[in-house]
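Hello,

Here is the structure I promised to pass on. Please open it first, then read my notes below.

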Amino acid sequence: MAQTPDRRFFQHRRRVLLATAALALSRLSAAQAPTPIAFIVPHAAGGSADRVARVAAVALGELLERGIEVINITGAGGVTGTNAILGYKPDGNAIGLGVSTPMIAGRLLSSTAAYNPIEDFEWLAILGTYPNALVVGAQRPERTLDELLASARRASPPLIYGSFGVGTAGHLAGTFLRLEQQAKLEHVPLERVEDGYAQLVSGQIDFLFDGVPSAADAAPRAGHRIVAVTSAARVPSLPDVPAFGERWPRESFVIWVGIVTPRGLPPDVYSRMASAIGAMLLEPRHAQALRAAGLSYLGLNGAKAKGYVEDETLRTARLIARMGGEMNRRH
C-alpha cells in the first residue's frame, strides 16, 4: 500500500531526529572520554624494554578502564626519555618505564641526567628483570663463550662489541670480560636495536649485548649465535644457553624495569594507580603475559619497589667504582 505524503514526512523527520541525537551523543561521549595516559618509554620501539612496556600498558588500561598511549623517547642511552618523564605533571596522566640503565648507571655516569632515581620519582612497581644475551655475529667462527674469550685474548686489534649506551648492563658485562678475563675488547655504544644487528651483519662489530626478549627473536633470523646470557642462572626462553653465573657465580648483569611517575602524586591518585598496579601484579594472566615478553617476574610494589631501587643503586655504584673509572672511557 502506498504511503501518504504525511507518513513519508514523519518517517523522514524521525530518521533525521535519530541521526541528530546519535551525533550529539557521540560528541558528548567524545568530550567526556578521558585522554589516554601517556606511558613514556626511554628506549626505541621494538626493543626489549618497549615490549615489556606494551604488555604492561594493555594490562593497566584494562584495570584503569582508560587508554594508555606508549610514547618512545630515545637518546643518551635512555637518559633523554627518563628526563622527559619529569616534564609531566604528577597528576596520574603520565607514567614512565623506569629502566635500570638510565635510572642508575645513567645518573652515575651522564652529565645530562637531571634526576635522582630515589628522590624524583614515585616507584609504583618493579615488574621484573631480564638479562642480556651475548650475540656473536654470523660471520664469526666462535660457537661458545670459551671460544670467543680465547679469540679475544689473542686478538690484535681488539674485538669490537656493542651495547645500547654507556653504563648499560651489557657494557658492564663487556667491561668485566675485558678487565677480569683479559679479553682484548673495544666498546661501541649503540642507540637502536636495528643499529646493533646491522653492524653485526656488516662486520663493524664482532658481538653484541642485547636484552634476551629482543635477541631471542632477532639473532636467529640473521644467523647470529647467542653464546651466553648475563644472568646468574639460565633463562626459560633459552634453556640451552649457559649463564654467566654458571662460570662466575658472583657475577650477573641484568636489566630491571619498573613503573614510575614524577614525585608528588596526590594521595587519592597514588592510591588509585597503586591499586591498579597491585591488581596487575597479582593477576596470573597479566603476570604470565609479562613473562611471555621475556621478563623474569618480580612483582614488587610500593615500599618494596623503592627499597629494591635503593639497593640496586648502591650495588651498581660499587660495581662501577670497581671498574676503576673505565666507564668514562670509550672501552
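**Pocket and cavities**

About 190 Å³ of space lies in the largest pocket. A pocket here is an open set of points on a 1 Å grid over the protein atoms alone, with protein on both sides within 12 Å along at least five of seven lines. Volume means the space filled by probe spheres set on the points, which are joined across faces, edges and corners.

This is a predicted model: local features need pLDDT of at least 70, side-chain atom pairs need 80 or more, and totals for chains, interfaces and linings use all residues. Residues are numbered from 1 along each chain as its sequence is written, and side-chain values use heavy atoms, without hydrogens and water.

The pocket lining is R250, E251, S252, F253, R315, R318, L319 and R322. (Lining residues have an atom within 4 Å of a point.) Of these, 5 are charged, 2 nonpolar and 1 polar. Asp, Glu, Lys and Arg count as charged; Ala, Val, Leu, Ile, Met, Phe, Trp, Tyr, Cys and Pro as nonpolar; the others, Gly among them, as polar.

Now the cavities. In a cavity, a 1.4 Å probe fits but cannot get out. There are 2 cavities of 30 Å³ or more.

Best wishes
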